[in-house]
Amino acid sequence: MAERIKLALVGIGKIARDQHLPAIAADNAFELVAAVSRSGRVEGVPNFNDIAALIESGLPVDAVSLCTPPVGRHRIAAQALAAGLHVMLEKPPGATLAEVHQLQAQAAAGSGRSLFATWHSRHAAGVDAARAWLADKQIKQAAIVWREDIRVWHPGQEWILEAGGLGVFDPGINALSIVTSILPGALRLESAKLVFPAGRGAPIAAGLAMVLGEAAPVSADFDFRPTWPQSWDITVETDRGTLMLTEGGARLWIDGEEQRTDGIGEYPALYRRFAELVAAGRSDCDLRPMALVADAFLLGERTETDPFAF
Ligand code: NAP
């Protein structure tokens with residue numbers, strides 16, 4: 001068996017515990033050798049307070065996987081690349097497009113270091129089959145409805161409603177990662193409405209009007225407030241039927257009939273892909289979902305709503 005990739009996990013919060021640690025433990029291509037965290041601890045491996053301490057320790061490490069919030073991730077990733085490590089980034093890959101472009105250039109300048117900007121929702125069970133079905137259809141219109149209760153899914157995560165935390169685009173960008181991957185053609189933003197809670201730096205709701213190719217309208221309704229019903233649905237109307245992805249891409253329906261789907265799970269698939277990229281010395285950094293979000297902040301009309309407390 002090829003030598004395992006010695007991996008350090010950085011930022012031990014909700015997603016690191018819920019998804020990354022189990023996926024790494026189940027993947028023979030990786031060996032978790034360290035954790036980097038200001039407050040959390042992972043049993044059974046050395047823990048470091050920051051990336052500099054890990055690098056200075058001299059512990060043999062090949063790669064890091066970053067699970068910190070987007071603001072601040074660039075500094076950590078740049079230090080890791082400078083130390084010759086492969087880098088996997090949680091979504092969104094950074095706080096600004098320019099900082100991710102810099103990381104791409106830094107990775108490309110090194111010899112064989114991989115930079116992987118992950119989009120976990122693209123590995124939901126129905127997404128590959130949806131892309132294949134849509135490939136030869138003419139898209140008439142599409143609609144995204146992504147509405148989840150921030151208190152359930154992001155308990156106490158104050159950073160998410162701070163500037164750079166993306167607010168409702170934190171989950172919304174998952175939907176954008178799916179549509180940019182399954183819809184044939186380029187998507188661009190035409191207009192947006194952003195709703196900010198008083199005193200907060202990121203929106204709690206947003207509506208986007210996009211266009212696919214020349215004329216097909218694609219709408220997005222993102223809301224962090226609903227306690228019920230929640231939905232993570234994408235509907236695509238084509239010249240030969242209607243496709244629906246529900247439950248964040250996990251289930252696929254064509255003209256109301258559920259289709260068989262498969263997949264190994266979103267995070268196992270991400271780590272499998274990272275191992276492939278490392279073996280090939282290649283990077284994968286698709287910024288289209290993030291560009292749509294950046295454009296929404298550029299173009300969006302802003303309104304204020306009631307203050308929000310977790
Ligand atoms: P979280 O629970 O708040 O954890 C983030 C961790 O990052 C913290 O525990 C903290 O760990 C570290 N950190 C470093 N600098 C920080 C700062 N300035 N403010 C707060 N934490 C800081 O967040 P999360 O839900 O795991 O999300 C992390 C990333 O994963 C985000 O980009 C998010 O979009 C993505 N993600 C989250 C989910 C989800 O369902 N929650 C799903 C998919 C992807 P230390 O104390 O160890 O430094």
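Predicted model: local features only at pLDDT ≥ 70, side-chain atom pairs only at ≥ 80, totals over all residues.
**Exercise 1. How are helices H1 and H8 oriented to each other, and which residues make the contact?**

Solution. Next, take the handedness: H1 passes H8 in a right-handed crossing. Now look at the residues. H1 brings Ile15, Gln19, His20, Ala23 and Ile24 to the contact, while H8 brings Tyr267, Pro268 and Tyr271.

**Exercise 2. At what angle do helices H3 and H4 pack, and what does that make them?**

Solution. Find H3 at residues 73–82 and H4 at residues 97–109; their axes are 10 Å apart and the angle is about 5 degrees. That value makes H3 roughly parallel to H4, because angles under 35 degrees count as roughly parallel. Then list the partners: from H3 come His74, Ala77, Ala78, Leu81 and Ala82, and they meet Glu99, Gln102, Leu103, Gln106 and Ala107 of H4. This contact divides into 6 nonpolar residues, 3 polar and 1 charged.

**Exercise 3. Is Gln157 buried or exposed?**

Solution. First locate Gln157: it sits in the loop between helix H6 (150–153) and helix H7 (169–182). Its relative accessible area is 16%. Buried means under 20%, so Gln157 belongs in that class. Leaving aside residues up to four places away in sequence, Gln157 touches Lys14 and Phe310.

**Exercise 4. Where is Glu237, and which residues does Glu237 touch?**

Solution. Begin with strand S11, residues 231–238, which holds Glu237. With a relative accessible area of 30%, Glu237 is partly exposed, because that class lies between the 20% and 50% limits. Not counting residues up to four places away in sequence, Glu237 touches Gln138, Ile139, Lys140, Gln141 and Thr242. Finally, step along the chain to Gly248, 11 residues apart from Glu237: their C-alpha atoms are separated by 18 Å.

**Exercise 5. Which residues does the annotated domain cover, and how much of that stretch is helix and strand?**

Solution. The unreviewed UniProt entry annotates "domain: Gfo/Idh/MocA-like oxidoreductase N-terminal" over residues 5–108. In the model, residues 5–108 are 39% helix and 22% strand. The end C-alpha atoms of this stretch are 20 Å apart.

Methods:
Residues numbered from 1 in each chain as written. Heavy atoms only, no water. UniProt positions renumbered as here; feature names shortened; annotations may be inferred. Helix = DSSP H or I, 4+ residues; strand = E, 2+ residues; numbered from the N terminus. Buried < 20%, exposed > 50% of the residue type's maximum accessible area, 1.4 Å probe, protein only. Contact = heavy atoms within 4.5 Å. Left-handed = near helix turned anticlockwise from the far one by under 90°. Axes fitted to C-alpha atoms, helices over the stretch in contact; angles between N-to-C directions. Parallel < 35°, antiparallel > 145°, perpendicular 65-115°, else oblique. Nonpolar A, V, L, I, M, F, W, Y, C, P; charged D, E, K, R; others polar.
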